[in-house]
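Colleague: I have a chain open on my screen and want a quick tour. Can you walk me through it?

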Amino acid sequence: MAETKHLVITREGLQKMKEELEYKETTEKMRIAEQLKVAISYGDLSENAEYDAAKNDQAALEQRINELRQMIENAVVVDESKIDTETVGFGTRVTIVDLDDEDEEEEVYTIVGTSESDPANGRLSNESPVGEALIGAHVGDTVVAQTPGGARRLRIVNIAL
């Protein structure tokens with residue numbers, strides 16, 4: 001038997017997943033049902049591109065709904081009261097400075113799981129090169145992250161919740 005892989009997630013991340021699932025199961029399903037209805041009204045389904053596109057959209061939607069259900073079922077919410085802010089870890093908000101960047105502006109990231117990752121919005125996966133390099137580091141430490149763009153030297157300025 002295959003062992004179920006737990007998905008470590010923040011409370012906020014789980015809530016967003018539930019909201020996405022609700023949206024997909026209601027609004028999106030209704031939208032695609034309407035697309036199918038319109039496509040069917042065009043007649044001959046064997047050469048109906050609109051029908052084929054709607055069926056493909058429906059299949060993709062069902063796949064995403066099943067993915068979300070699986071992730072929610074296997075989600076393990078991190079207890080924020082047990083998060084240690086002495087070191088960078090899952091759920092912590094870390095302020096860093098890229099020592100190889102001339103302007104050395106501070107960047108702030110929250111370390112999250114892969115399902116919540118959104119670097120452009122300050123949510124960094126614990127499995128990304130930078131996230132992995134930061135895990136376990138303390139304020140004042142310098143870590144080296146091996147990224148696709150090359151090595152980055154990062155100094156930890158602050159760790160918080």
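Modeller: Start with β3 and strand β4 (residues 106-112), an antiparallel pair held over five bridges. Strands here are DSSP E runs of at least two residues, helices are H or I runs of at least four, and both are numbered from the N terminus. Two strands count as paired if DSSP finds at least two bridges between them.

Colleague: Is this experimental or predicted, and how are things counted?

Modeller: This is a predicted model: local features need pLDDT of at least 70, side-chain atom pairs count only at pLDDT 80 or more, and totals for chains, interfaces and linings use all residues. Residues are numbered from 1 along each chain as its sequence is written, and side-chain values use heavy atoms, with hydrogens and water left out.

Colleague: OK. Which residue in β4 stands opposite V97?

Modeller: E106.

Colleague: What does β3 pair with in the antiparallel sense over six bridges?

Modeller: Strand β3 (residues 93-98) pairs that way with β7. R93 stands opposite A160 in β7. V94 has I159 as its bridge partner there.

Colleague: Why is β3 called largely enclosed?

Modeller: Five of its six residues are buried, so the rest of the structure largely encloses β3. Buried means under 20% relative accessible area, exposed is over 50%, and partly exposed lies in between (1.4 Å probe, protein chains only). Across the chain, 34% of the 161 residues count as buried.

Colleague: What is the strand order in the sheet?

Modeller: The order is β5-β4-β3-β7-β6, five strands in an open sheet with mixed pairing. β5 (123-125) and β6 are the edge strands, and each pairs on one side only. From one strand to the next, the twist averages 45°.

Colleague: Tell me about β6. Which side chains point to the buried face?

Modeller: In strand β6 (residues 142-147) the side chains alternate. V143, A145 and T147 point to one face and are buried.

Colleague: How many bridges join β6 to β7?

Modeller: Six, and β6 runs antiparallel to strand β7 (residues 150-160). A hairpin connects β6 to β7 through two residues. T147 has G150 as its bridge partner in β7, and V143 stands opposite L154.

Colleague: Switching to helices. At what angle do α1 and α2 cross?

Modeller: Roughly 160°, and the axes of helix α1 (residues 11-41) and helix α2 (residues 49-73) come within 9 Å. That makes α1 roughly antiparallel to α2, because angles over 145 degrees count as roughly antiparallel, under 35 as roughly parallel, 65 to 115 as roughly perpendicular and the rest as oblique. Axes are lines fitted to C-alpha atoms, for helices over the stretch in contact, and angles run from 0 to 180 degrees between N-to-C directions.

Colleague: What residue classes make that contact?

Modeller: The contact of α1 with α2 has 14 nonpolar, two polar and 12 charged residues. Ala, Val, Leu, Ile, Met, Phe, Trp, Tyr, Cys and Pro count as nonpolar, Asp, Glu, Lys and Arg as charged, and the others, Gly among them, as polar.

Colleague: Last one. How many helices and strands in the chain?

Modeller: Three helices and seven strands. Along the sequence the pattern is β-α-α-β-β-β-β-α-β-β. The C-alpha atoms fill a box of roughly 70 × 35 × 30 Å along the principal axes.
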